[in-house]
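The chat after it goes one spot at a time.

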Amino acid sequence: MASPSTSASSQNEKTVWASIQPFVFGGLAGMTATTVIQPVDMVKVRLQLVGEGAHVTSRPSPFKVAYSLIKSNGFSSLYTGLSAGLARQATYTTARMGIFNSLMAEMQKRENGTVTMAQRAAAGLAAGALGAVVGNPCDLALIRMQADGLRPAAERRNYKSVVDAMVTIAREEGVLAWWKGSAPTVARAMALNLGMLSTFSEAKSRIEPHLGKGTLATQLSASAFAGFFASFFSLPFDFVKTRMQKQTADAVTGKLPYGGSLDCAVKVVTREGPLAFYRGFATYYVRIAPHAMITLLIADALNSLAKKI
C-alpha cells in the first residue's frame, strides 16, 4: 500500500506533466512537420527574394528554383537551415501550441466545455503573438541561412549551423538584432494561428457530429480547412517578415533597405505591385497546409495516446 507521501508525490508529478504536456507534444509535432516540409520552405524563401526591389514581369517557377538549387549545390541544399528550422519549432511551436491548448483547457473548464469561435480566435491570437516573440531569434537565423546563397560569393557568411548564425548576427549587429523583424513575425504568427489553431478547433467541433469524434476523417477534414486559412491569412505578413529579416546594411552607406515593416510594405506595393504579397502562394500553401496538417495530426495523436496510457 502506497504511503500518503508517495501518493502526494505521484499526484504532483501528474500535475506537472499535465501542465507541460501541451508544450512538449506541440514542439515534437512541429519539429516532425518541419523535417518533412523544409525543402518547400527553402524554395518559398528563394521565390520571395527573387527580384527584390524591382518590378519584374517574369519570375522562375518553384520547380525551376528547386532545380537550380540542386544543380548548383546538390540535393542537400534544399535542407539549408534545417537546424534553425528545428530550433525555431522547438521554441515557437512549443510555445504557441502549448499556450493555445492550455488556454483552451482553461476556457473549457470555466465554460463547462462550451467554447465560442471568438474565444478560440482570442486564444489563437494570444498564442501566436507570445510564441513568435520566443521563436524570433531562431526564425531570423533560418531566414539568414536560407538567403545567404543569394549574396555575392565574397559577402556570404557560410553559416555552419543555427548557433553559428545566431552568434555571428549577435557579434556583427548586436544581440537585439535577434528580434529584427519581430513586428511582422508577431503579426504573421497571429494571422497564422487565427487561421490554423482557431479554425482547426472550430472545424473539429462542427465536423464531429457528422464524421465522428476523433476519427481520421474528422482530423483530416479539419486540418485541411485550417491549412488553407492559415496560408491565406498569413502570407502577406510572411512576405514582409522575410524581407525584413533578410535585409542587411549597405556596405557603403550603412543604411538598411527598409525603415520598418510599414516602409517595407509600401515599397513592395510601389515597386513590385500589391500582388507581390501573394507571390508564391501555391508554394506557400504547399509548405503551410501540409505543415499545419502534420503538426495538428501528430499533436492530436500524441494527446490521444497519452490519455490511453
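The model is predicted, so to speak: local features need pLDDT of at least 70 and side-chain atom pairs count only at pLDDT 80 or more, while totals for chains, interfaces and linings use all residues. Residues are numbered from 1 along each chain as its sequence is written, and side-chain values use heavy atoms, with hydrogens and water left out.

User: At what angle do helix α3 and helix α9 pack?
Analyst: Helix α3 covers residues 82-110 and helix α9 covers residues 281-308 (helices are DSSP runs of H or I with at least four residues, strands runs of E with at least two, numbered from the N terminus). Their axes are 13 Å apart (lines fitted to C-alpha atoms, for helices over the stretch in contact, with angles from 0 to 180 degrees between N-to-C directions). The packing angle is about 65°.

User: Which residues of α9 make that contact with α3?
Analyst: Contact means heavy atoms within 4.5 Å. On the α3 side you'll find Gln89, Thr93 and Met97. Over on α9, the partners are His291, Thr295, Leu296 and Ala299.

User: And how many polar residues does the contact of α3 with α9 have?
Analyst: Sorted by class, there are 3 nonpolar residues and no charged ones (Ala, Val, Leu, Ile, Met, Phe, Trp, Tyr, Cys and Pro count as nonpolar, Asp, Glu, Lys and Arg as charged, the others, Gly among them, as polar). The polar count is 4.

User: How many charged residues are in the contact of α4 with α5?
Analyst: Helix α4 (residues 117-147) and helix α5 (residues 162-173) have axes that come within 9 Å and cross at roughly 95°. Pro137, Cys138, Leu140, Ala141, Arg144 and Met145 of α4 meet Val162, Ala165, Met166, Ile169 and Glu173 of α5. That set splits into 9 nonpolar residues, no polar ones and a charged count of 2.

User: What about α3 and α6: how many nonpolar residues does their contact have?
Analyst: The two axes cross at roughly 50° and come within 12 Å. From α3, Arg88, Tyr92, Arg96, Met97, Phe100 and Met104 take part, and among the α6 residues they meet are Arg188, Leu192 and Met196. Next to 3 polar and 3 charged residues, the nonpolar count is 8.

User: Which helix gives the most to the lining of the largest pocket?
Analyst: The lining has 29 residues, with Gln108, Lys204, Asp300, Asn303 and Lys307 nearest the pocket's centre. By class it has 11 nonpolar, 12 polar and 6 charged residues. Helices α1 (4-49), α3, α6 (182-211) and α9 each supply at least two residues. With 7 residues, the top giver is α3.

User: Which helices each supply at least two residues to the lining of the largest cavity?
Analyst: On a 1 Å grid over the protein atoms alone, a cavity is a set of points where a 1.4 Å probe fits but cannot get out, a pocket is an open set with protein on both sides within 12 Å along at least five of seven lines, and lining residues have an atom within 4 Å of a point. The lining here includes Arg88, Tyr92, Arg188, Leu192, Arg287 and His291, and its classes are 5 nonpolar, 2 polar and 4 charged. The helices are α3, α6 and α9.
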